[in-house]
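Hi everyone, thanks for coming.

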There are 2 protein chains.
Amino acid sequence: MFVDPEHVDDEQESYRQCMRLALTEAERAMEADEVPVGAVIVRGNQVIAAAHNQRETLADPTAHAEMIAITQAASTLGDWRLTECTLFVTLEPCPMCAGAILQARIPHVVFGALDPKAGSVTSLYQLLEDRRLNHTASVTGGVLAEECGRILSDFFASQRKLGKK
Amino acid sequence: MFVDPEHVDDEQESYRQCMRLALTEAERAMEADEVPVGAVIVRGNQVIAAAHNQRETLADPTAHAEMIAITQAASTLGDWRLTECTLFVTLEPCPMCAGAILQARIPHVVFGALDPKAGSVTSLYQLLEDRRLNHTASVTGGVLAEECGRILSDFFASQRKLGKK
């Protein structure tokens with residue numbers, strides 16, 4: 001899958017284009033009755049991984065969108081070092097996913113909505129900026145934040161209606 | 001695999017017994033030329049998961065001992081909630097693994113050696129005690145700390161000799 005450079009006016013538009021792919025993944029999570037978070041990993045102009053939250057489907061607490069995308073990207077490249085990649089995710093990463101981003105040596109993370117309850121790259125912690133750890137990553141937040149947040153609030157509203165959450 | 005209650009004098013001896021199983025896993029990592037960290041997950045008196053670091057073997061940056069053990073335990077139980085489990089790991093968990101422990105709702109973690117460079121349950125962060133997150137876990141550190149630390153220093157010394165690390 002390619003990000004078409006002819007339709008990318010500037011960096012911000014390229015970020016939005018990739019975030020739309022992550023949002024498509026979040027929609028897939030929604031359809032599967034999973035908390036709708038999606039992620040893609042881009043290397044150069046190529047999308048090398050796309051995944052959504054599958055915690056319930058896989059009965060695996062580690063199956064967040066970012067984790068699956070990171071494993072997928074490493075498998076594609078045959079290397080655990082994702083040093084030339086950018087990760088796009090619709091929701092600010094939690095401690096587990098921020099830690100995985102550091103483990104994978106991903107240099108740049110772009111996220112959509114803030115997560116005031118567990119977000120660990122801006123909200124509760126700034127794990128990707130901690131120079132005591134052996135890697136840091138730059139962070140761009142708020143890309144398509146409204147759409148990324150809306151799909152989550154719609155999901156939780158519908159779950160409350162069904163008395164599920 | 002069972003923890004034999006006849007040979008468990010007290011809680012501390014039971015911890016050491018489980019940590020020895022985690023150390024056996026660390027030895028398996030060592031044999032595979034991986035950073036030697038091992039983990040087991042116990043429920044009641046039953047070991048339901050045992051794993052070691054496989055980052056290089058699987059070319060997966062998320063393949064720490066704790067992550068593999070958590071996925072294994074969830075798969076065994078058919079549930080992502082490991083609410084009645086204790087995780088034993090030879091090295092203090094990093095941010096990714098501490099975050100995964102929270103995601104899995106594991107209530108108690110026992111670790112061996114401290115990790116002053118990335119440890120996130122005692123050393124750099126105390127992620128498992130953060131009441132802003134939606135779960136906390138109790139922590140027991142320093143169980144067989146010397147043996148757990150020694151296997152790591154032996155590994156890095158041999159890697160330096162070979163000019164690898």
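Let's start with Ala69(A) and ask which residues it touches. Leaving out residues up to four places away in sequence, Ala69(A) is in contact with Ala39(A), Val40(A) and Ile41(A), then with Ala49(A), Ala50(A) and Ala51(A), and also with Leu87(A). Keep in mind that this is a predicted model.

Now let's step back to the core. The largest nonpolar core holds 108 residues, and the ones with the most contacts inside it are Ala69(A) and Ala69(B).

Next, the place where the chains meet. How many residues of chain A are in contact with chain B? The number is 28, and they meet 28 residues of chain B. On the chain A side, the elements giving two or more residues are helix H3 (65-77) and helix H4 (95-103). Of these, H4(A) gives the most, with 7 residues. If you sort that side of chain A by class, you get 17 nonpolar, 6 polar and 5 charged residues.

So how are the two chains arranged? Chain A can be laid on chain B by a turn of 180° and a shift of 0.0 Å along the axis, with an RMSD of 0.0 Å. The two copies are therefore related as by a two-fold rotation axis. The same surface serves both copies, too: 100% of the contact residues of chain A recur in chain B.

One last thing to find on your screen: which residue of chain A comes closest to the rotation axis? That is Met96(A), whose C-alpha is at 2.0 Å from the axis.

Notes:
Residues numbered from 1 in each chain as written. Chains lettered and ligands numbered in written order. Predicted model: local features only at pLDDT ≥ 70, side-chain atom pairs only at ≥ 80, totals over all residues. Contact = placed C-beta atoms within 7 Å. Helix = DSSP H or I, 4+ residues; strand = E, 2+ residues; numbered from the N terminus. Nonpolar A, V, L, I, M, F, W, Y, C, P; charged D, E, K, R; others polar. Least-squares fit on C-alpha atoms with pLDDT ≥ 70 in both. Core = buried A, V, L, I, M, F, W, Y, C linked by C-beta atoms within 7 Å. Buried ≥ 20, exposed ≤ 12 C-beta atoms within 10 Å, placed from the backbone.
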